Amino acid sequence: MTLTYNDYRLQLRETFKIAYGNYDYRDSLTVALSTNGETGFGECVAINYYNIDLQKFKLDLESVKDRLHSLSIIHPLEFYSFLLTLELHPFLRSALDCAYWDLFGKLENRTFAELVDLQQDNLPESSFTINVAGFDEQIEKIKASKWNRFKVKCNGLDRGNVFKLLDSGKEVALDSNTSFTEEDCIFLESQTLTQGFSYLEQPLPTGRFSVLTKNKNAHWMCDEDCQSVEDLQSLSSYYRSVNIKVMKLGGITPALEMISAAHSSGFKVMIGCMTESTVGISAGMALAELCDYADLDGANLISNDFAEGSKVVEGKLLLSEAPGLGIRLI
């Protein structure tokens, strides 16, 4: 099995404004695993919050190249067990795991859904991200869009105006990226209008969730607070939902485990994404049938996508019918 990789700079259609900062691009590393005339693809991106160093990732890939080259084709679950022995960063492990699922399906001439016995006929609709801005501008963007569901980014909470977003006539969720205060959360829980938001994602910095109340007016969804299956038990009394991202967890394989464990623990599950090309989004979309919510607009936010596969059109998830994850570079 041959390993290759390439750098890409994902140019955003507009400046991405969130509580962590403003961004005009994200750097991406796409890995490819090839054998017997087929190639599978996976992706990881440089996210500042996670301190991702793609140059180090490339050195890590060089260090494992020979071990991958000598590896026989095995089932993806066995391949993931092998990946764990390499002690790679979860983002890089995710790229390799996704590339292998894509390759394995292509070699078997079966889609991911066929490999894991999914019907893929009950897909949630994806939300679209609205950047941090004034409420009038955010509402204008929501009303002008053909999408039905939106995730509105906040940098702190404007208690006097936040509920204006509910007048847009569309389904709206809030994502503060940890920028709310404990007092903001108590305020939101006390307001019946808060029930109008689909969910409120990661309101506080990590580890401070004990102030949240699960069964009041706010539907709290965790993101950064949940990094692995082991986190679920401590979060179950405070959050109703969990945002699962393939890249954050280390690949499709651990994401499958997390989705099952989260549902068993009483959580609703969203399949989410970073700013990603169609390479990364196709991996997340393969799991959407198993989830209650989807936030898979990452490739829709960039202007220079370099791949074809599954895609989101005005919120509708359109799964590739090609083998594997259906990914092809263009």
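1. Let me start with Lys248, which is buried, with a relative accessible area of 4% (buried means under 20% relative accessible area, with a 1.4 Å probe and protein chains only). Lys248 sits in helix α8, residues 246–249 (helices are DSSP runs of H or I of at least four residues, strands are E runs of at least two, both numbered from the N terminus).

2. A word on the basis: this is a predicted model, where local features need pLDDT of at least 70, side-chain atom pairs count only at pLDDT 80 or more, and totals for chains, interfaces and linings use all residues. Residues are numbered from 1 along each chain as its sequence is written, and side-chain values use heavy atoms, with hydrogens and water left out.

3. Leaving aside neighbours within four places in sequence, its contacts include Ser94, Cys98, Ile271 and Leu287. Val246 and Met274 are 28 residues apart in sequence, and their C-alpha atoms are 9.3 Å apart in space.

4. Next, helix α3 (residues 90–108): its 19 residues reach 26 Å from first C-alpha to last, close to the 27 Å expected at 1.5 Å a residue (the expected span is 1.5 Å times one less than the number of residues). Of those 19 residues, 16 are buried, so α3 is largely enclosed by the rest of the structure. Just after α3, Asn109 has a positive phi of about 55 degrees.

5. On to the pockets (open sets of points on a 1 Å grid over the protein atoms alone, where a 1.4 Å probe fits, with protein on both sides within 12 Å along at least five of seven lines; lining residues have an atom within 4 Å of a point). The largest pocket has a volume of about 320 Å³ (the space filled by probe spheres set on the points). Of its 25 lining residues, Phe16, Ile18, Lys153, Lys245 and Cys273 are the closest to the centre.

6. The second largest pocket holds about 220 Å³ of space. Its lining has 14 residues, with Glu14, Phe128, Thr129, Lys141 and Leu301 nearest the centre. Which element gives the most to this lining? That is β1, with four residues.

Key:
Buried < 20%, exposed > 50% of the residue type's maximum accessible area, 1.4 Å probe, protein only. Contact = heavy atoms within 4.5 Å.
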